[in-house]
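Thank you all for coming; I would like to take a few minutes to walk through one model. Please have the sequence and the structure open while I talk.

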Amino acid sequence: MDEDRYPGFRDFVSGRGPALWRAAYLLTGDHHAAEDLVQTALSRVLRHWGRARHGDPEAYVRRTMYHLQMSWWRRRRVPEQLAATPPEQAGTDPHAGTALRMTLDRALAVLSPRQRAVLVLRFYEDLSEIQAAQVLGLSVGSVKRHAHDGLARLRAAAPHLVDHAERVTGGWR
């Protein structure tokens with residue numbers, strides 16, 4: 001890569017890459033798909049780096065990631081697989097953190113693409129409803145509806161996650 005042509009891009013990717021990858025993983029639920037999503041978003045942003053770097057490059061990349069993921073969801077619909085019974089609750093097992101993450105991954109998998117994107121933006125990225133609506137190109141009312149429905153589906157799919165969240169944070173927002 002020609003450093004003079006793309007000043008600051010290498011530093012941006014090395015500094016913010018891990019955070020972008022984590023957000024991509026939450027959106028996709030798959031390590032390989034997350035890597036593909038970040039790489040594709042960065043390659044698209046690189047074409048417009050001169051414009052992106054003068055604003056907020058991370059917001060530019062994240063917006064690109066969310067739009068790419070939504071278009072990928074539209075192209076490939078994966079049927080939902082609901083379990084007859086929720087997974088076992090994590091107890092005092094030393095691997096409880098891993099079990100909790102795996103349970104959360106399975107619970108996120110039952111959400112629709114927009115519900116998942118809204119919940120990631122609202123609760124992982126900590127964006128306001130207005131900011132999430134702008135990133136996804138939806139109305140604020142749609143963001144509220146997808147968040148409400150997504151949280152309801154999470155509660156139904158993994159009620160023990162709700163109990164855990166209430167113990168840790170004092171409740172869902």
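This is a predicted model: local features need pLDDT of at least 70, side-chain atom pairs count only at pLDDT 80 or more; totals for chains, interfaces and linings use all residues.

Let me begin in a loop, since Asp126 is found between α6 and α7, where helices (H or I, at least four residues) and strands (E, at least two) are DSSP runs, numbered from the N terminus. Phi of Asp126 is near 60 degrees, which is a positive value in a residue other than glycine. For context, most residues other than glycine have a negative phi, and most peptide bonds are trans. Asp126 counts as partly exposed because its relative accessibility is 48%; in these terms buried means under 20% relative accessible area, exposed over 50%, and partly exposed in between, with a 1.4 Å probe and protein chains only.

Residues are numbered from 1 along each chain as its sequence is written, and side-chain values use heavy atoms, with hydrogens and water left out.

As for the overall picture, the protein has nine helices and zero strands, and buried residues make up 38% of its 173 residues. If we take contact to mean heavy atoms within 4.5 Å, then residues 24 or more positions apart account for 65% of the contacts with a separation of 6 or more.

Now to the interior. A nonpolar core is a set of buried Ala, Val, Leu, Ile, Met, Phe, Trp, Tyr and Cys residues joined through side-chain atoms within 4.5 Å, and the largest one here has 42 residues, those with the most contacts inside it being Trp49, Val61, Met65, Tyr66 and Leu136. The elements giving two or more residues to this core include α1 (9-28), α4 (57-75) and α8 (140-157), and the largest share, eight residues, comes from α1. Leaving aside neighbours within four places in sequence, Tyr66 is in contact with Ala23, Leu27, Val120, Leu121, Glu125, Val135 and Leu136. Gln69, whose place is in helix α4, counts as buried because its relative accessibility is 3%, and, with the neighbours within four places again left aside, Gln69 is in contact with Leu27, Thr28 and Leu37.

A straight helix of 20 residues would span 28 Å at 1.5 Å a residue, but α1 spans only 24 Å between its end C-alpha atoms, the expected span being 1.5 Å times one less than the number of residues. Val13, also found in α1, counts as partly exposed because its relative accessibility is 26%, and beyond its neighbours within four places in sequence Val13 is in contact with Pro18 and Leu42. Just after α1, Gly29 takes a positive phi of about 75 degrees.

Finally, α1 and α6 pack at an angle of about 145 degrees, with their axes 9 Å apart; axes are lines fitted to C-alpha atoms, for helices over the stretch in contact, and angles run from 0 to 180 degrees between N-to-C directions. In this packing, Arg22, Ala23, Tyr25, Leu26, Leu27 and Thr28 in α1 meet Arg116, Ala117, Val120 and Tyr124 in α6.
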